[in-house]
Amino acid sequence: MLAGLSQPGHPNVVRLLGAVEERLTRCVILEYCDGGDLQQALQRPTPRRFFFRVASGVAAGLTFLHANGVMHRDLKSPNVLLHGEHGVKIADFGLAAGVQPTGLTRTHCLGREIVMHEAYSKSADVFSYAMILFELITHTVPFSDRSALQAAVSI
């Protein structure tokens with residue numbers, strides 16, 4: 001899965017530059033993004049057209065991943081990095097998985113299918129994208145006024 005990130009990919013997906021795998025050390029070296037993450041950016045006043053720039057960047061990156069058989073499975077504002085004046089990149093592929101031949105897989109994520117421990121498809125990533133849109137509009141984390149259990153029930 002990570003090997004695919006090192007190929008020339010998509011401008012809205014963070015690029016894998018290298019990896020270290022030694023006896024006690026394992027790490028990946030990713031493209032540097034100087035603007036921090038989306039959750040941090042939403043704590044400050046945002047520039048004009050910020051919503052459209054981020055929404056379209058995340059949508060384009062997610063479309064690329066899905067077209068290449070990858071489900072992110074942990075799409076949220078801390079995993080969207082900002083770079084330069086216009087760069088928006090999806091990052092943190094620690095929970096990513098390939099789409100099974102059926103198009104379904106099982107894992108833990110934020111979508112309803114995950115809360116119910118059901119098999120799910122790329123639609124779980126789309127739900128997470130909608131939560132990013134909510135956060136872009138309101139500058140608040142969805143369900144942040146509830147406990148983790150109440151948020152899961154609400155989903």
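Visitor: Is Lys89 buried or exposed?
Guide: Lys89 counts as buried, at 9% relative accessibility. Buried means under 20% relative accessible area, exposed over 50%, and partly exposed in between (1.4 Å probe, protein chains only). Please note that this is a predicted model, in which local features need pLDDT of at least 70 and side-chain atom pairs count only at pLDDT 80 or more, while totals for chains, interfaces and linings use all residues. Residues are numbered from 1 along each chain as its sequence is written, and side-chain values use heavy atoms, with hydrogens and water left out.

Visitor: With which residue does Lys89 form a salt bridge?
Guide: The partner of Lys89 is Glu31, and their closest N and O atoms are 3.2 Å apart. A salt bridge here is a side-chain nitrogen of Lys or Arg within 4 Å of a carboxyl oxygen of Asp or Glu.

Visitor: Where do the two residues of that pair lie?
Guide: Lys89 is in strand S5 (residues 87-90), and Glu31 is in the loop between strand S2 (26-30) and helix H2 (38-41). The pair links distant parts of the chain, 58 residues apart. Helices (H or I, at least four residues) and strands (E, at least two) are DSSP runs, numbered from the N terminus.

Visitor: And how accessible is Glu31?
Guide: Glu31 is partly exposed, with a relative accessible area of 23%.

Visitor: How many salt bridges does the structure hold?
Guide: There are three. One of them joins Arg26 to Glu21, with the closest N and O atoms 3.4 Å apart. Arg26 counts as exposed at 65% relative accessibility, and Glu21 is exposed at 63%. Another joins Asp74 to Lys76, with a closest N and O separation of 3.6 Å. There, Asp74 is buried at 18%, whereas Lys76 is partly exposed at 37%.

Visitor: Turning to Ser77, where is it found?
Guide: Ser77 lies in the loop between strand S3 (70-71) and strand S4 (80-83). Its relative accessibility is 2%, so Ser77 counts as buried.

Visitor: What is Ser77 in contact with?
Guide: Leaving aside neighbours within four places in sequence, Ser77 is in contact with Asp37, Leu38, Gln39, Ile132 and Glu135. Contact means heavy atoms within 4.5 Å.

Visitor: What pattern does the whole chain follow?
Guide: The protein chain has six helices and six strands, and read along the sequence they follow α-β-β-α-α-β-β-β-β-α-α-α. Of its 155 residues, 37% count as buried.
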